[in-house]
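Have a look at the structure with me before I start writing.

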Amino acid sequence: MQAGISTVFSAGNYDEPVPSHVQNVQPWSISVAASTIDRDFPTKIVLGNGLSFVGESLMTEKLEAHLEKSSTFFFNGSCRAETVKCNASGYVILCFSMTTSGVITSTMAAEAVHKAGGAGVIYVEPLSQQIPDVFPIPLVYIDFYQGSRIRSQLFYSGAEVVITPSKAGVTGKVPSPVVAYFSCRGPSSLSPDILKPDISAPGVNILAAWPPFTPTGPSTLPGRFSDWNFQSGTSMSTPHVAGVIALIKSAHPDWSPAEIRSAIMTTAYTGDTVSETIQASGPLKHSDPFDVGAGHMDPVKVMDPGLVYDMTIHDYILFLCNMGYNTELIKKLAPSVTACPESQTPTSNLNYPSITVSDLRYTTTIKRTVRNVGNNRQAMYFPRVVSPSGVEVSVWPRVMFFSWYNRENTYYVILKPIKRSKGRCDFGEIVWSDGFHKVRSPLTVCVNNIDSDLDYESNPRHFSI
């Protein structure tokens, strides 16, 4: 950051979407979540009686075989390598992800059927978790509704099945984007007053170059070799952001890493292709800032954000001081630092593009400063506020004037808890607009005023931070 270099990190991957697993939470970098894109790989399954179903796969060849339920070849019907009971040569096997013996992953199912000598797998799991992968045997993902219908057809005996090659990357899938179930969620356990992840970008089924002598499939299975592969993860969403940063830097070489991050965050969108709130897969709920950060990156609008939030090394030093680093340790990063300030500035007051207060107990004022980087130097910006539930939010001033001689303005956000709560987080936003630009800051507030020694009604203290 001191050298003017933007750094981008993955938010991290986890087996399930649980809170506070987000990684890389330092405020001088960008932490990226992963979302889907509108590309689909539909694969048709036709049973011998004419019933047809549509799943997802990366199959390139037609498959004709006999379809059987998993209990025919595996003890307890559990598609695990250690439960194989007979040879499955020439059979496609229907495997469910949820069984009486626990969760079966697609890799486990592919490994088990491969060991049994099977011809392929129809793998049943929740729709929100389906991510086609490259396996040494054909594997088609279908949802539980379709999987249950197929199983009813196999109740007494098997059936003939024809699986057609997957259609190559059909676009227009709705809804999209959707936050991937594996993408690590906030809040940050190290610095909860800074929103992480910062942004979401495409990170599911990304086609990319691949080392030619490395198997394309899971390491537990013999893989095919290719110069390309489809990969999913927050490590696939991160380079999308890095690429957009390179474009921003080419157009605005004088922008600091903080200004670039601000442009990416404040121009992000939170609606999907059908104008609904972006969903978060796993729990299948509306996404919130802990899932998606400021939203999904818009690589076009980032070039002209209107206003930006800048940060200096002083802001980051305050953060390190608040984290408990002493002067000796901080000097190893920034030799010019003399000492931490005597009066502590809360982390919520750092000039970050998002506003997060993780412990709101009484009326609190947050300060932010913005710079006009739009083509129109004579501009007026007006705020629109969406208040988090149980929090009264007011912004001052009600209008910000910019001119050739006044490119920067400071505004204040006053947060007043109007409910009794303990640690519950609610979400809103503040959007500044000049009629053309919309500069959006997500607002995350956790009211925590139960079991406190303060008497709020008789002693309504006002803290300005």
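**Ground rules**

I am working with a predicted model, in which local features need pLDDT of at least 70, side-chain atom pairs count only at pLDDT 80 or more, and totals for chains, interfaces and linings use all residues. Residues are numbered from 1 along each chain as its sequence is written, and side-chain values use heavy atoms, with hydrogens and water left out.

**Entry 1: the disulfides**

How many disulfides does the structure hold? I found three, taking a disulfide as a pair of cysteine sulfur atoms within 2.5 Å. With the bonded cysteines of the protein chain numbered in sequence order, I read the pairing as 1-2, 3-4, 5-6.

I began with cysteine 79 and cysteine 95, whose sulfur atoms lie 2.0 Å apart in a disulfide. This pair links distant parts of the chain, 16 residues apart: cysteine 79 is in the loop between β6 (63–69) and β7 (91–96), and cysteine 95 is in strand β7. I take helices (H or I, at least four residues) and strands (E, at least two) as DSSP runs, numbered from the N terminus. The link of cysteine 79 and cysteine 95 is left-handed, with -85° about the S-S bond. Both cysteine 79 and cysteine 95 are buried; for me buried means under 20% relative accessible area, exposed over 50%, and partly exposed in between (1.4 Å probe, protein chains only).

Next I looked up cysteine 321, which a disulfide joins to cysteine 340, S to S 2.0 Å. Here too distant parts of the chain are linked, 19 residues apart, with cysteine 321 in helix α6 (residues 313–322) and cysteine 340 in the loop between α7 (327–333) and β21 (355–360). I noted -90° about the S-S bond of cysteine 321 and cysteine 340, a left-handed link. Cysteine 321 is buried at a relative accessible area of 15%, whereas cysteine 340 counts as partly exposed at 25%.

Then came cysteine 425 and cysteine 446, joined S to S at 1.9 Å. Cysteine 425 sits in strand β27 (residues 422–433) and cysteine 446 in strand β28 (residues 438–448), 21 residues apart. Why is the disulfide of cysteine 425 and cysteine 446 right-handed? I wrote down that it is so because the torsion about its S-S bond is about 90°. Cysteine 425 is partly exposed, with a relative accessible area of 22%, and cysteine 446 is buried, with 4%.

**Entry 2: cysteines in no disulfide**

I found cysteine 86 in no disulfide, with the nearest cysteine sulfur, that of cysteine 79, 12 Å away. Cysteine 86 counts as partly exposed, at 33% relative accessibility. Cysteine 184 is also in no disulfide, and the nearest cysteine sulfur to it, that of cysteine 425, is 18 Å away. Is cysteine 184 buried or exposed? It counts as buried because its relative accessibility is 2%.

**Entry 3: a covered helix and a covered strand**

I checked helix α4 (residues 257–266) and found it mostly covered, with 10 of its 10 residues buried. Among the buried residues of α4 are Glu259 and Arg261.

Strand β10 (residues 120–124) is mostly covered as well, with five of its five residues buried. In a regular strand the side chains alternate between the two faces of the sheet. Both faces of β10 are covered: Gly120, Ile122 and Val124 lie on one side, Val121 and Tyr123 on the other.

Two strands pair, in my notes, if DSSP finds at least two bridges between them. β7 and β10 run parallel, joined by five bridges, and leucine 94 has isoleucine 122 in β10 as its bridge partner. β10 also pairs with strand β11 (residues 139–142) in the parallel sense, over four bridges. There, tyrosine 123 has tyrosine 141 in β11 as its bridge partner.

**Entry 4: an open sheet**

I traced an open sheet of five strands in the order β21-β28-β27-β23-β25, with mixed pairing. Its edge strands are β21 and β25 (400–402), each pairing on one side only. Strand β23 (residues 379–386) pairs with β25 in the antiparallel sense over three bridges. The bridge partner of methionine 380 is phenylalanine 401, in β25.

**Entry 5: tyrosine 325**

Tyrosine 325 is partly exposed, with a relative accessible area of 39%.
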